[in-house]
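Below are my notes on the model, as numbered points. Please read them with the structure open.

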Amino acid sequence: IPVTIFRWRDSDDTQMNFWDMTILPKDTQILLVDDICDSGDTLDHLYNHLTNEMNYSNIKTAVLWYNVSQKFDCDYAAREFSRVEDQRWIVFPWEF
């Protein structure tokens with residue numbers, strides 16, 4: 001099973017690193033995994049890139065934390081929260 005890590009930085013330092021997925025058949029099942037879907041921008045960008053620019057269609061998304069009050073609809077989430085109701089910032093151990 002091929003595994004890759006997409007790396008995204010935004011604001012002034014926008015950068016995306018993609019593994020060369022052109023070697024995979026277009027019917028490949030893809031699971032995009034992220035720690036949090038807060039604004040939805042990262043998963044939305046990746047999903048659109050894979051579907052619109054690379055023509056993959058069998059894509060699912062999974063996150064640890066899912067903000068239900070944003071624009072992207074994740075397929076799987078371990079926990080849900082609403083940024084409208086709860087403004088606390090989630091800090092993950094790997095961010096220290």
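1. Cys74 is buried, at a relative accessible area of 11%; here buried means under 20% relative accessible area, exposed means over 50%, and partly exposed is in between (1.4 Å probe, protein chains only). Cys37 is buried too, with a relative accessible area of 2%. The model is a predicted one, in which local features need pLDDT of at least 70 and side-chain atom pairs count only at pLDDT 80 or more, while totals for chains, interfaces and linings use all residues. Residues are numbered from 1 along each chain as its sequence is written, and side-chain values use heavy atoms, with hydrogens and water left out.

2. How many disulfides are there? The count is zero, a disulfide being a pair of cysteine sulfur atoms within 2.5 Å. Cys37 is in no disulfide, and the nearest cysteine sulfur to its own, that of Cys74, is 3.7 Å away. Cys74 is likewise in no disulfide, with the sulfur of Cys37 as its nearest cysteine sulfur.

3. The protein has one helix and five strands, where helices (H or I, at least four residues) and strands (E, at least two) are DSSP runs numbered from the N terminus. The order from the N terminus is β-β-β-α-β-β.

4. Which residues touch the most other members of the largest nonpolar core? They are Leu32, Cys37, Leu43, Leu50, Tyr56 and Cys74, out of 14 residues in that core. Such a core is a set of buried Ala, Val, Leu, Ile, Met, Phe, Trp, Tyr and Cys residues joined through side-chain atoms within 4.5 Å. At least two residues of this core come from each of strand S3 (30-37), helix H1 (41-53) and strand S4 (59-67).

5. The structure holds three aromatic pairs. Rings of Phe, Tyr and Trp (its six-membered ring) pair if their centres lie within 6.5 Å; planes under 30 degrees apart are stacked, over 60 edge-to-face, and the rest tilted. Tyr47 and Phe72 form an edge-to-face pair, because their ring centres are 6.0 Å apart and their planes stand at 70 degrees. Tyr47 lies in helix H1 and Phe72 in the loop between S4 and S5, so this pair ties together parts 25 residues apart in sequence. Tyr47 is partly exposed at 28% relative accessible area, whereas Phe72 is buried at 9%.

6. Phe92 and Trp94 form a stacked pair, with 4.8 Å from centre to centre and 5 degrees between the planes.

7. Ser82 is located in the segment after strand S5 (76-81) and is buried, at 13% relative accessible area. Neighbours within four places in sequence aside, Ser82 is in contact (heavy atoms within 4.5 Å) with Asn67, Val68 and Ser69.

8. Some totals for the protein follow. Of its 96 residues, 32% are buried. Among contacts between residues at least 6 apart in sequence, 54% join residues at least 24 apart. The accessible surface comes to about 6900 Å², 51% of it belonging to carbon and sulfur atoms; areas come from the Shrake-Rupley method with a 1.4 Å probe, and for residues only the protein chains shown count as cover.
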